[in-house]
Amino acid sequence: MSQDTTAHHDDHHDAHHPTGLARWLFSTNHKEIGTMYLVFSLAMFLVGGAMALIIRAELFAPGLQLVNPEFFNQMTTMHALVMIFGAVMPAFVGLANWMVPLMIGAPDMALPRMNNWSFWILPFAFTLLLATLFMPSGGPSSGWTLYPPLSLQGGNSLAFVILAIHLMGISSIMGAINIIATILNMRAPGMTLLRMPLFVWTWLITAFLLIAVMPVLAGAVTMLLTDRFFGTSFFNAAGGGDPVLYQHIFWFFGHPEVYILILPAFGIVSEIIPTFSRKQLFGYTSMVYATASIAFLSFIVWAHHMFTVGMPLGAMLFFMYATMVIAVPTGVKIFNWVATMWRGSMTFETPMLFALGFVVLFTIGGLSGLMLAIVPANFQYHDTYFVVAHFHYVLVTGAVFAIMAAVYYWLPKWTGHMYNEKLGKIHFWWSTIWVNVLFFPQHYLGLAGMPRRIPDYAVQFAEFNMISTIGGFMYGFGQLLFVYIIWQCVRGGEKATAQVWEGARGLEWTVPSPAPLHTFDTPPLVDDSVAVHKDTLA
Amino acid sequence: MAHSSYYVPHTAKWPIVGSVGLFIFMVGAANWLNQGPTGPWLFALGAAIILVMIFGWFADVIRESQGGLYNQAVDISFRHGMIWFIFSEVMFFAAFFGALFYARVLSVPWLGGEGTGAMTNALLYPGFEAVWPTHGPAALGGDFQTIPGFGLPLLNTLILLTSGVTITLAHWALKRAQRGALVFWMVATIVLALIFLSIQSYEYVHAYRDLGLTLGSGIYGSTFFMLTGFHGLHVIIGTLMLIVITIRCAFGHFSKKNHFGFEAAAWYWHFVDVVWLGLFIFVYVI
Ligand code: HEM
Ligand SMILES: [Cu+2]
């Protein structure tokens, strides 16, 4: 590896870097591409959020008030697709773009041109997806899982949605390949695998999951496409197929996908908690092994999404126990985060607050997941608001909180300015309070039997829905504060030092803030004194 | 010759061309599927842009490679890229093989009344017998016959396996810097690939015209044509790679030590080969 990764940019001698639109369209720079990913993700977060508020507004009171049921269903479908593929995944890829090369001492991503392509497919993919909302037959309304036969009965949108998903898949696979190649090939001398920051480790494993399952999703939706347009019978019992087959293939993708949405979040939290506890991460190696076990287990639990569909008893037992086993490595992680804080000299800046919020609230989501994994209980909870509460605790207070923690944590490194700490804290408390008002009552709604994906409901569910909607609007509009804080920090503010945070360790804090366009053109020499984690084996 | 540092291109114009191409291609495809009038035209335009992008992009890479801009580390990055790309392709095929196994082992027997399927069979599809091949209880697509494995498919298997040998002989020739032998074995591989594709097309015509076996022949037709069809598509892509690489071999682009482009195409070819073995066993023979 050694001096091999000394960079050679073909712009070294002429100082002019393209400006304006060309700079972004043609960029091969990991920092610029990372920024584009993050901005795109934020935009999609707001679009998806607007859809969520339409859903919540309709559910404010029983009866049909604001939108017709078809449109409501389009909103639930689109909200999920936009948030998962447009907001959370690109945010993590953007963070990986910015931080992985900085954390391992690489001059850039391994395949810089492909990196540009991975990003630039996304705006087109989402144009294709969102355009369906403006077509005469409307957007997809079968739910983001696109179960047949329902999804096959929709209007013209199906073909657009499927092809948009193919584009997103191409983008994610190329992005993941790039990240793996970067991590395995571009580390600075001395940056052994067991010295890598956990964010890098979790992304390495996430990238593997992405390459393994995005093609499976591509296969599943391709079968939908041919069933609808070319007369195949994959999901048609009359021809010897089976609609349940779709669910199996989809969830073989879908469950690893939820770990794709959370593993990088684990990595982020594992960076932030040690910094603000001024201690090394507790149980570094066990964190690595726990991440790898979760990734492995994620391939053998998919049918916990299908307990009510009619499976052999043996299969249900297997998937129930396998699912519960995931709680073990997850528990190891939570334990390690808590143990890291134990006797640390802790301070509570905004990133730390979000990370702590993550630990507590993600755990609630994990516990409701365990409840859902119990087959007989799942018969009751499945397709109710309890599931909605579960996955929003893991995805909003889990993945999204971690992304926000990461943004606050690294924003000074990106912009060279400190963000407004006071506003950051307000943003955290505002979000944490209202997100619980938004999602906690949904547990009760689900336990009481309110089905998900339905625009109207029985009157006994009225109070909790009203509370939830109020929480939703407060949380949602509160995020404009986040946008404002970022804007303010980009424009100016107190100068950030290179290290930014007193307890921060690792290579990314050795470069100036803002990080110059090209960093580590000559790879740094890494040993235990600069590495975040001492490699006891090296 | 090789530069000692990692080459990071300054700007890249092809990716955005590729994205626009993909977008037009997809819009065209979706329009076409929905019987829109502009569909086929946009589809063709998109495909053309993508082709231009591929040629332009690879031309840039080849130029840089010949110019000695790539060092050992860049080479390893490319290797990672290709290996993981092939892995993603394997997983794509896995989805379709999974569908085949699920139908054969689980859902078709259930439709026939096995396991928990007794009531489904008795109430919805009385008299449906679970045998493979099947076009389902509704006998979709009408009567059909299958293609026996130990005829042309066996021949095709031998052809592909032989092509795996010839490309290896080409590799050996390359490593001994014998350009004549290299080009000879590459051409032999391409010829075998083209024979394979011709036999496969003949088989498709035969299936549609004489056997009544179509994409609409229930789950058998679906799995048969989607698996062999995607495989065939990958053989076409692989053959195009082989053709480009052979031309580059003839121009002396590769050295004994430095010939990743060749290896990437060879890996891809072996992948296509292995998928075919799976197809031969599980689709044609068993
Ligand atoms: C201890 C860990 C977890 C367990 C035991 C668990 C278990 C489950 C189960 C059994 C279901 C199916 C509920 C039903 O439909 O009846 C489910 C749904 C879901 N889970 Fe989890 N889960 C866990 C962690 C996560 C994480 C980390 C994420 C994402 C970051 C996640 C995201 C989801 C989503 C999105 C759904 C709903 C999918 C849909 O039907 O649209 N879960 N979970
Ligand atoms: Cu799951």
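## Exercises on a predicted two-chain model

A polar side-chain atom of Asn378(A) sits 2.8 Å from an oxygen atom of ligand 1. Keep in mind throughout that this is a predicted model. Let's work through it together.

### Exercise 1: The surroundings of ligand 1

Task: Describe the shell around ligand 1. How many residues surround ligand 1, and which are the closest?

Solution. 

Step 1. Begin with the count: ligand 1 is surrounded by 22 residues. The closest are Trp144(A), Asn378(A), His382(A), His390(A) and Arg452(A).

Step 2. Look for polar atoms that face the ligand. Asn378(A) has already been placed at 2.8 Å. Trp144(A) has a polar side-chain atom 2.9 Å from an oxygen atom of ligand 1. For Arg452(A), an N or O atom in the side chain is 2.8 Å from an oxygen atom of the ligand. A polar contact needs N or O atoms within 3.5 Å, so these distances can be checked against that cut-off.

Step 3. Trace the shell back to helices. In chain A, α7 (243–260), α11 (350–373) and α13 (385–415) each supply at least two of its residues. The largest share, six residues, comes from α11(A).

Step 4. Sort the shell by residue type: 13 are nonpolar, eight are polar and one is charged.

### Exercise 2: A glutamine in α15

Task: Is Gln479(A) buried or exposed, and which residues does Gln479(A) contact beyond its neighbours in sequence?

Solution. 

Step 1. Locate the residue: Gln479(A) belongs to helix α15 of chain A, residues 462–491.

Step 2. Check the relative accessible area, which is 2%. Buried means under 20%, so Gln479(A) counts as buried.

Step 3. Set aside the neighbours within four places in sequence. Gln479(A) is then in contact with Phe45(A), Met404(A), His427(A) and Ser431(A).

### Exercise 3: Where chain A meets chain B

Task: Characterise the interface. How many residues of chain A are in contact with chain B, and how many salt bridges are counted between the two chains?

Solution. 

Step 1. Count the residues on each side: 72 in chain A are in contact with 69 in chain B.

Step 2. Turn to area. About 6000 Å² is buried between the two chains, and carbon and sulfur atoms give 73% of that. In chain A, the residues that lose the most area to chain B are His8(A), Arg113(A) and Trp117(A), together 14% of what that side buries.

Step 3. Look for charge pairs. The count between chain A and chain B is one salt bridge. Arg113(A) forms a salt bridge with Glu64(B), with the closest N and O atoms 2.6 Å apart.

Step 4. Assign the chain A side to its elements. β1 (7–9), α4 (112–131), α5 (157–185), α6 (198–229) and α7 of chain A each supply at least two residues. The largest share, 12 residues, comes from α6(A).

Step 5. Finish with residue types on that side: 42 nonpolar, 24 polar and six charged.

### Exercise 4: Salt bridges within the chains

Solution. 

Step 1. Take Glu32(A) and Arg23(A), whose side chains meet at 2.7 Å, N to O. Glu32(A) is buried, with a relative accessible area of 2%, while Arg23(A) is partly exposed at 30%.

Step 2. Move to Arg278(A) and Glu502(A), paired at 2.4 Å, N to O. This pair links distant parts of the chain, 224 residues apart. Arg278(A) is in the loop between α8 (263–277) and α9 (284–297), and Glu502(A) is in the segment after α15 of chain A. Arg278(A) is partly exposed at 28%, whereas Glu502(A) is exposed at 61%.

Step 3. In chain B, Asp60(B) and Arg63(B) form a salt bridge at 3.0 Å, N to O. These two are three residues apart in helix α2 (residues 39–66) of chain B, so about one helical turn separates them. Asp60(B) is buried, with 14% relative accessible area, and Arg63(B) is exposed, with 55%.

Step 4. End with a network: salt bridges link Asp75(B), Arg79(B) and Glu263(B).

Technical notes. Residues numbered from 1 in each chain as written. Chains lettered and ligands numbered in written order. Predicted model: local features only at pLDDT ≥ 70, side-chain atom pairs only at ≥ 80, totals over all residues. Heavy atoms only, no water. Near = heavy atom within 4 Å. Polar contact = N/O pair within 3.5 Å; in protein donor to acceptor, adjacent residues only side chain to side chain. Helix = DSSP H or I, 4+ residues; strand = E, 2+ residues; numbered from the N terminus. Nonpolar A, V, L, I, M, F, W, Y, C, P; charged D, E, K, R; others polar. Buried < 20%, exposed > 50% of the residue type's maximum accessible area, 1.4 Å probe, protein only. Contact = heavy atoms within 4.5 Å. Buried area = accessible area lost by both parts, 1.4 Å probe. Salt bridge = Lys/Arg side-chain N within 4 Å of Asp/Glu carboxyl O.
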